[in-house]
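This briefing concerns the side-chain contacts of one protein chain. The sequence and structure are shown first, and the points that follow are grouped by topic.

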Amino acid sequence: MKRSLLFVCYENICRSPMAEGIFAKMIAEREHGDFFDVESAGTVCFQKGEPPDSRAIEIALEHGVTIADKRACCIRDLELGLYTRIYAMDGQNYHDTIRCSTSQRTLLPVSMVTDYLSDPDTVAIEDPYYGTKKDFLKVFQQLEEALVNIYDELLRQSDL
């Protein structure tokens with residue numbers, strides 16, 4: 001059964017497009033394209049249709065991940081019931097996603113990306129938008145760690 005995953009952040013221009021790109025790269029490298037679909041979205045629509053933040057594009061590209069073609073979309077425009085799993089970057093994204101899925105009359109398995117980090121004290125993948133390139137790098141590194149763990153867990157659950 002194909003798993004459809006959605007990564008959610010605030011405006012879908014920093015964290016979630018990086019997560020989508022990292023996960024898409026893992027799918028390609030591990031040749032599991034028949035098993036996974038991955039997308040990202042934001043909980044607000046202010047930047048709808050815009051490309052990712054240039055710093056997110058730059059950091060991703062430095063790590064072999066291409067996200068420049070991604071365009072921001074909003075979870076309200078998606079049929080959330082089509083996703084197998086949804087992963088939120090912080091507590092506000094988590095609650096907004098739950099609220100949106102409830103309004104669509106769909107109860108979904110929504111998890112925090114930080115649940116998959118080795119540091120139990122990290123409670124959010126912090127939004128780097130008002131930060132520096134160094135903040136974007138930290139987010140990218142956190143996402144890489146968490147997404148490897150998410151990927152491996154999903155594979156174990158599916159017996160691939």
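Lys 25 is partly exposed, with a relative accessible area of 29%; that class lies between buried, under 20% relative accessible area, and exposed, over 50% (1.4 Å probe, protein chains only). The model is a predicted one, in which local features need pLDDT of at least 70 and side-chain atom pairs count only at pLDDT 80 or more, whereas totals for chains, interfaces and linings use all residues. Residues are numbered from 1 along each chain as its sequence is written, and side-chain values use heavy atoms, with hydrogens and water left out.

**Salt bridges**

- The structure has 11 salt bridges, each defined as a side-chain nitrogen of Lys or Arg within 4 Å of a carboxyl oxygen of Asp or Glu.
- Lys 25 is joined by a salt bridge to Glu 29, with 3.6 Å between the closest N and O atoms.
- Both residues of this pair, Glu 29 and Lys 25, belong to helix H1 and stand 4 residues apart, about one turn of the helix; helices (H or I, at least four residues) and strands (E, at least two) are DSSP runs, numbered from the N terminus.
- Glu 29 is exposed, at 56% relative accessibility.
- A salt bridge also connects Lys 70 with Glu 20, at 3.4 Å from N to O.
- Because Lys 70 is in the loop between H2 and S3 while Glu 20 is in helix H1, this pair ties together parts that are 50 residues apart in sequence.
- Lys 70 and Glu 20 are both buried.
- Asp 96 and Arg 99 form a salt bridge whose closest N and O atoms are 2.5 Å apart.
- These two residues, Asp 96 and Arg 99, are 3 residues apart in helix H3 (residues 91-103), a separation of about one helical turn.
- Asp 96 is buried, at 17% relative accessibility.
- A network of salt bridges links Arg 15, Asp 90 and Asp 127.

**Aromatic contacts**

- The whole structure contains 8 aromatic pairs; rings of Phe, Tyr and Trp (its six-membered ring) pair if their centres lie within 6.5 Å, and planes under 30 degrees apart count as stacked, over 60 as edge-to-face and the rest as tilted.
- The pair of Phe 23 and Tyr 151 is tilted, with 5.0 Å centre to centre and 45 degrees between the planes.
- Phe 23 is in helix H1 (residues 15-30) and Tyr 151 in helix H4 (residues 133-158), so this contact ties together parts that are 128 residues apart in sequence.
- Phe 23 and Tyr 151 are both buried.
- Tyr 87 and Tyr 116 make an edge-to-face pair, with 6.0 Å centre to centre and 75 degrees between the planes.
- This pair links distant parts of the chain, 29 residues apart: Tyr 87 is in strand S3 (residues 85-88), and Tyr 116 is in the loop between strand S4 (110-112) and H4.
- Tyr 87 and Tyr 116 are buried as well.
- One aromatic cluster is formed by Phe 7, Phe 23, Phe 35, Phe 36, Tyr 87, Tyr 116 and Tyr 151.
- Arg 55 sits over the face of Tyr 129, at 5.8 Å from the ring centre; the rule requires NZ of Lys or CZ of Arg within 6 Å of the ring centre and within 35 degrees of the ring normal.

**Nonpolar cores**

- The largest nonpolar core has 36 residues, and those with the most contacts inside it are Phe 7, Phe 23, Phe 36, Leu 143 and Leu 147; such a core is a set of buried Ala, Val, Leu, Ile, Met, Phe, Trp, Tyr and Cys residues joined through side-chain atoms within 4.5 Å.
- At least two residues of this core come from each of strand S1 (3-9), H1, strand S2 (36-42), helix H2 (54-62) and H4.
- H4 contributes the most, with 10 residues.
- A second, separate core has 12 residues, among them Val 8, Ile 86, Leu 108 and Val 110.

**Cysteines**

- The structure holds 1 disulfide, a disulfide being a pair of cysteine sulfur atoms within 2.5 Å.
- The disulfide connects Cys 45 and Cys 74, with an S to S distance of 2.3 Å.
- The disulfide is left-handed because the torsion about the S-S bond of Cys 45 and Cys 74 is about -75 degrees.
- Cys 45 is partly exposed, with a relative accessible area of 23%, whereas Cys 74 is buried, with 0%.
- Cys 9 is in no disulfide, and the nearest cysteine sulfur, that of Cys 14, is 6.7 Å away.
- Cys 9 is buried, with a relative accessible area of 2%.
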